Amino acid sequence: MRPLNRQCTVSSQSVKVFAPATVANVGCGFDVLGFALHEPGDEVVMRLNNSGKTTISRITGDGGKLPTDPIKNTAGVVVDAFLAHLGQRPGVDIEVHKKMPLGSGLGSSAASSAAAIFAINELMGRPLSRAQLLPFATEGERAACGSAHADNVAPSLLGGFVLVRSYDPLDVVPIPIPKDLVATVIHPHIEIRTEDARSILKKSILLRDAITQWGNIGGLLTGLILNDYGLIGRSLQDVIIEPVRSLLIPEFDTIKRVALECGALGCSISGSGPSIFALSNALPTAGRIADAMKYALRQVGIDSDVYISPINEQGPKVLG
Ligand code: HSE
């Protein structure tokens, strides 16, 4: 985007923003499908301070793993890119409060990027729409894991269930969803770095697998739009990425089997893993799936967190 050199009306001096975790890929839609959860998520506190610099004064919940250098931190990267676009340097201090695990497959870096870009836009008087903020947040993903995939940042920033129809130009389409759709997500307490989970993928695929996969993407989206749970279930199959990445996740096959036995429409890896998600069409079913998944992991001595969440249509919210 061209720099705007726009004189913005600064709306307030500080803001606290929450942005949600996300399930990317959603089975068949590697790098093109994602949806937002209600929890967990990250919080960013941002203050304008007339220093002319961007600083990161505090990061909590990361176990000391994230850089406080704004050039290396995803929140700092998106804020600087946004301010450069506006042609302004007001001076900003950022606190990042990680309320979800890193390397979990829940879009941790994307939630920080989405919260940061939403917060700075609020502070600068909302010069850009959420859709216009998305390319900046996507750059945060590049800083975090070397790949500017948008299937976490887009749902975290825009809310709901989204299709990244194109990356060049970036074209993100919101997908209507059935009102009873609910996700169960289990996070086994192991860490998989997105960068590593991407590096093990094959660079080319068989035409036969591509045909299966794009049939499933079309079927999944059609099922969501038509409220056809049977079609959603039949389509929630990934023949390309899951067979490779599931090898990194202990007990993946067992967890998927018990989820389906409990009535899940479908089950696959959340983002780059190790989290696993299942979709269902009723909260009690989602609860049974959660118990069964957790039990399966406990049997092999792996602790986990489980989240049950309808699709979060709102995306980021201002907390104060
Ligand atoms: N689409 C990305 C991947 C999401 O699967 O690598 C990472 O969370």
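At 5% relative accessibility, Asn-25 counts as buried (buried means under 20% relative accessible area, exposed over 50% and partly exposed in between, with a 1.4 Å probe and protein chains only). The model is a predicted one, so to speak of local features takes a pLDDT of at least 70 and side-chain atom pairs count only at pLDDT 80 or more, while totals for chains, interfaces and linings use all residues. Residues are numbered from 1 along each chain as its sequence is written, and side-chain values use heavy atoms, with hydrogens and water left out.

Back to Asn-25: it sits in the loop between strand E1 (14-24) and E2 (helices, H or I with at least four residues, and strands, E with at least two, are DSSP runs numbered from the N terminus). Its phi is positive, about 80°, although Asn-25 is not a glycine. Asn-227 also has a positive phi without being glycine, near 55°. That residue lies in the loop between helix H6 (207-226) and helix H7 (229-235), and with a relative accessible area of 46% it is partly exposed.

Asn-25 also turns up at the ligand, where one of its polar side-chain atoms lies 2.8 Å from a ligand oxygen (a polar contact is a pair of N or O atoms within 3.5 Å). Asn-152 likewise places a polar side-chain atom 2.8 Å from an oxygen of the ligand, and a side-chain N or O atom of Asp-151 is 2.7 Å from a ligand nitrogen. On its own the ligand has 260 Å² of accessible area, and the protein covers 98% of that (Shrake-Rupley method, 1.4 Å probe). Among the residues surrounding the ligand are Phe-30, His-149, Arg-198 and Arg-245 (a heavy atom within 4 Å).

Ile-94 belongs to strand E4 (residues 92-97), and its C-alpha atom is 6.9 Å from that of Val-44, 50 residues apart along the chain. Beyond four places in sequence, Ile-94 touches residues including Val-44, Met-46, Ile-56 and Val-79 (contact means heavy atoms within 4.5 Å). Ser-113, in helix H2 (residues 108-123), is in contact with Thr-74, Val-78, Ala-137, Gly-140, Glu-141 and Val-153, leaving aside neighbours within four places.

Then there are the cis peptide bonds. One runs from Glu-39 to Pro-40, with omega near 0°, and Pro-40 is part of strand E2 (residues 33-48). Another joins Gly-273 and Pro-274, with omega about 5°; Pro-274 is in the loop between strand E8 (266-269) and strand E9 (276-280).

Notes
A polar contact is a pair of N or O atoms within 3.5 Å; within protein, one must be able to donate a hydrogen and the other to accept it, and residues adjacent in sequence count only if both atoms are side-chain atoms.
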